[in-house]
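Reader: I have a model open and would like to go through it piece by piece. Can you take my questions as they come?

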Amino acid sequence: MGIVAGLDSSSAFTHIVVCDTDSGAVLREGYAAHPVEAKAAEVDPQAWLLSLGEAASGGLLEGVQAIGVSAQQHGLVPLDQQGNLVRPALLGNDRRAQVAAADLVDGLGGRQAWAEAVGAVPSAAQPVAKLRWLARTEPENAQRVAAVLQPHDWLVWQLLGRPARRTTDRGAASGTGYWSAGSGSYRPDLVELALGHSAALPEVLGPADSAGMTPEGLLISAGTGETMAAAFGLGVAVGDAVVSLGASGSVMAVHHEALADPSGMITSFADATGMHLPVVHLSNAVRALRGTAEMLGLDGLEELSALALKSTPGASGLVLLPYLEGERTPQLPHTAGTLCGLRRESMKPEHLARASFEGMLCSLADALDVLRGRGVEVRRVFLLGAAAELPAVQALAPAVFGTQVVVPQPAQYAAIGAARQAAWALGVSQGSLDPRTPPAWQGAAAQVLEPGDELAVGGAVRQQYAATRDQIHPGAFGGRPPA
């Protein structure tokens with residue numbers, strides 16, 4: 001038996017878990033907020049190290065043999081020839097590169113060309129678009145860029161004492177816009193297209209590889225992005241999908257191959273195990289619930305949930321298309337939400353409350369169908385986010401999704417996934433684990449919900465939603481009926 005640590009450096013905090021190498025049981029934890037504005041679009045990466053040091057204080061890492069690093073995705077850390085920062089790191093929530101992303105799409109010959117090249121169409125969040133933004137708006141800084149890293153890459157490099165070798169992993173690399181999960185290789189020409197010249201890129205390690213040893217003798221695993229670490233921490237496998245309920249939403253699933261999608265609705269990530277994580281993003285999820293609660297003058301989502309359960313399936317014919325901020329899936333960036341089916345009998349608060357939950361879940365089910373339509377198997381759905389605990393979500397989701405729904409207990413799954421990767425790399429280095437098979441840790445404690453007799457009811461709710469969606473936005477999904 002040994003102990004390993006996993007640290008997750010998110011956009012707002014650092015969380016560290018120390019785990020047993022054999023079972024994955026969390027033995028102790030540390031936490032520290034970043035000393036910067038959580039919504040900042042750029043930051044000095046030293047803030048991440050300060051937060052890490054605070055989270056690890058008090059002997060938290062005593063006895064730890066290996067560390068895995070998970071970090072926020074899509075950040076860009078530009079370095080000069082000496083390895084020093086050219087400028088503050090650009091973070092994933094920085095939207096200034098929207099025009100740059102559109103320029104890149106045109107520069108390579110369109111969306112299909114990008115999908116075939118790297119499995120994703122450029123967006124403002126991706127490092128490749130940030131490089132183009134840098135070249136266009138800060139040309140002097142762009143000229144000084146000799147190497148580019150992402151947050152997890154930079155943290156690993158710092159922990160190792162800034163060696164000449166810089167590394168990353170498949171998961172983080174697949175979000176850059178210049179590494180292909182399909183071919184498993186970089187596209188340096190896309191870096192040149194964006195930045196105007198070449199730049200050194202980190203070596204892509206395999207899932208069970210080690211990045212190196214710290215000066216103190218700690219093994220550091222490859223690390224990965226937060227999304228991939230959370231999936232690894234949850235223990236999802238082929239047949240599993242993960243639905244994340246934030247203000248916006250996402251649906252991802254484990255798949256055996258990368259998916260090139262010219263429509264841009266699917267982003268083809270690699271995972272932390274050697275498999276793939278196709279992801280579909282939505283602009284609207286819980287924000288539709290919050291908007292409805294505000295409209296009805298309710299204090300919070302718990303009240304909205306209780307009110308929704310006083311209505312009946314189909315919300316008396318009321319349908320909410322929850323495209324309040326435009327939508328990415330389907331691609332309707334400039335549209336607005338729509339409320340349909342208003343009749344005298346449907347104009348009651350409980351029906352609007354129910355329609356908001358049904359609309360959000362049907363929109364997420366549309367995203368699941370995008371993956372299913374490309375051959376991705378979905379036998380059960382993991383539901384993440386605080387809204388997953390709402391009674392109305394738990395009552396409706398299994399029938400609307402048409403499958404078993406698993407609601408894991410709240411935990412730091414990205415940090416746990418990073419620790420599991422550290423245990424894997426440690427075991428491989430010691431000859432006790434196979435580099436093709438990760439350690440079999442105990443699964444997440446969870447509530448399991450079955451659709452049961454409500455499956456037909458859920459299908460009817462989806463048909464009502466799809467009919468309204470196709471009437472208001474014909475051809476949004478090519479006229480496909482729901483699965």
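Author: Go ahead. This is a predicted model. One place to start is a pair of tryptophans: Trp48 and Trp154 are both buried.

Reader: How are the rings of Trp48 and Trp154 arranged, stacked or edge-to-face?

Author: The ring centres of Trp48 and Trp154 are 5.9 Å apart and the planes stand at 80°, so this pair is edge-to-face. Trp48 belongs to helix H1 (residues 46-55) and Trp154 to helix H6 (residues 151-159), so the pair ties together parts 106 residues apart in sequence.

Reader: How many aromatic pairs are there in the whole structure?

Author: The search finds four aromatic pairs. One of them is Phe232 with Trp424, where the centres lie 6.0 Å apart and the planes are at 40°, so that pair is tilted. Phe232 sits in helix H9 (residues 226-234) and Trp424 in helix H14 (residues 413-430), so parts that are 192 residues apart in sequence are tied together.

Reader: And Trp424, is that buried or exposed?

Author: Trp424 is buried, at a relative accessible area of 1%.

Reader: Changing topic. What is the strand order in the seven-stranded sheet?

Author: The order is S18-S19-S17-S16-S22-S23-S24, in an open sheet with mixed pairing. Strands S18 (266-270) and S24 (446-449) are at the edges with a single partner strand each, so one side of each has no neighbour in the sheet. From one strand to the next, the twist averages 25°.

Reader: Which helix packs on that sheet?

Author: Helix H12 (residues 349-372) does, and it touches S16, S17 (249-253), S18, S19 (276-282) and S22. The direction of H12 makes about 145° with that of S19.

Reader: S16 and S22 are paired in what sense, and over how many bridges?

Author: Strand S16 (residues 239-245) and strand S22 (residues 378-384) are parallel, with six bridges. Two of the residue pairs can be named: Gly239 stands opposite Val378 in S22, and Ser244 has Leu384 of S22 as its bridge partner.

Reader: What about S22 and S23, how many bridges there?

Author: Three bridges join S22 to strand S23 (residues 404-408), and those two strands also run parallel. On that side, Val381 has Val405 in S23 as its bridge partner.

Reader: How much of S22 is buried?

Author: S22 is mostly covered, with five of its seven residues buried.

Reader: Now H13. How many of its residues are buried?

Author: Nine of the eleven residues in helix H13 (residues 391-401) are buried, which leaves the helix mostly covered. The buried ones are Ala392, Val393, Gln394, Leu396, Ala397, Pro398, Ala399, Val400 and Phe401.

Reader: Tell me about Ser305. Which helix is that in, and what are its contacts?

Author: Ser305 is in helix H11 (residues 301-308). Leaving out neighbours within four places in sequence, Ser305 contacts Phe357, Leu390, Pro391 and Ala392.

Reader: Which backbone atom of Ala392 lies 2.9 Å from the Ser305 side chain?

Author: The backbone nitrogen of Ala392 lies 2.9 Å from a polar atom of that Ser305 side chain. Ser305 counts as buried, at 1% relative accessibility.

Reader: Last topic, cysteines. How many disulfides?

Author: The count is zero disulfides.

Reader: Is Cys340 buried or exposed?

Author: Cys340 is buried, with a relative accessible area of 18%; the cut-off for buried is under 20%. Cys19 also counts as buried, at 0% relative accessibility.

Methods. Residues numbered from 1 in each chain as written. Predicted model: local features only at pLDDT ≥ 70, side-chain atom pairs only at ≥ 80, totals over all residues. Heavy atoms only, no water. Buried < 20%, exposed > 50% of the residue type's maximum accessible area, 1.4 Å probe, protein only. Helix = DSSP H or I, 4+ residues; strand = E, 2+ residues; numbered from the N terminus. Pairing = 2+ DSSP bridges. Axes fitted to C-alpha atoms, helices over the stretch in contact; angles between N-to-C directions. Contact = heavy atoms within 4.5 Å. Disulfide = S-S within 2.5 Å. Polar contact = N/O pair within 3.5 Å; in protein donor to acceptor, adjacent residues only side chain to side chain. Phe/Tyr/Trp six-rings, centres within 6.5 Å; stacked < 30°, edge-to-face > 60°.
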